[in-house]
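Dear colleague,

Please find the structure below, followed by a short account of what was found in it.

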Amino acid sequence: PAFNSKTGMPYVNVNLKTGEVKNHINNPAEIGTLMLEFGMLSKLTGNSIYYDKAKHAITEVYNRRSKIGLVGTQINVETGEWTNSDSHISGMIDSYYEYLIKAFLLFEDEDFKIMYDESIKAVNKYLLDSTSTGFWYAHADMNTGKKTQTVFGALDAFMPAMLVLGGDVRLAEQIQESCYRMWTHFGIEPEEIDYTTFEVTAPYYILRPENIESAFYLYRTTKNPRYLEMGKIFFDSIVKYCKVDEGYASLKSIMSKEKMDSMESFYLAETLKYLYLIFAPEETLDLQKSVFNTEAHPLKKLSN
């Protein structure tokens, strides 16, 4: 029932007992992040409905990109109208792009490669920003391409990993140097900074994995020990600032290093897994045979 909107893009909430739906306003990430799991469900069951529903939904987002090729932050799944035209690579959009390239790699469906290539071309044309502090991705208006904010954060640090999967290792390395600088400048990574001034715009660190994920993919691809060094720096700083008797705590502020009384589940599922895999023997996980979903669960490639 979640997919029974007029556009085929899913509603945010569905009552599993009654089929009642609510929340017409969704975002590209939540719409697109279904593709690997639903697609795999179809491959394993032989029932194409899951693949077809998820592919239709992500394609509907793609088809509503602006004339310059960008998508916005929020969309009405009933009308197909954008309700927030802010374009970026951060939360609410990030894994929409990620799953375009990963769906191609997992299912060998050329439609996803076409959508990814078109999308990344627009992203790099209008959002990529080179400053004295490095290479970053900005926010811009999806219709005009005019930059609106110069902020970049922990979630955006997935970008080098995705660029590697898409075949642009050179740009991935440039962005990763900026991500590494964002981490080391403060001793540990803030949630978000203004990359032109390095002012912190969101001071917390909730044990996010994306920076580490990107170092992992870059090391696997280039074998450059630089990325092993990054992995060690990331691990050492998390142990130094976040370790408590019961586990690892998020930080309320990366300036004061004050801890929160919480540890996100993705710290175990993703952050520690990527830290382990950077240093593990390559045969531990063969990236030619598996594709990670956005929560770092490996999905095995199946013959079509």
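What is the accessible surface of the protein chain, and what share of it belongs to carbon and sulfur atoms? The surface comes to about 13,700 Å², and 51% of it belongs to those atoms (Shrake-Rupley method, 1.4 Å probe).

This is a predicted model, in which local features need pLDDT of at least 70 and side-chain atom pairs count only at pLDDT 80 or more, while totals for chains, interfaces and linings use all residues. Residues are numbered from 1 along each chain as its sequence is written, and side-chain values use heavy atoms, leaving out hydrogens and water.

The protein chain contains 10 helices and 17 strands (DSSP runs: H or I of at least four residues, and E of at least two, numbered from the N terminus). Its radius of gyration is 19 Å, close to the 19 Å of the globule rule for 304 residues, so the chain is as compact as a globular protein of that length (C-alpha atoms; 2.2 Å times the number of residues to the power 0.38).

Buried residues make up 53% of the 304 (under 20% relative accessible area, 1.4 Å probe, protein chains only).

Yours sincerely

Conventions: Buried means under 20% relative accessible area, exposed over 50%, partly exposed in between (1.4 Å probe, protein chains only).
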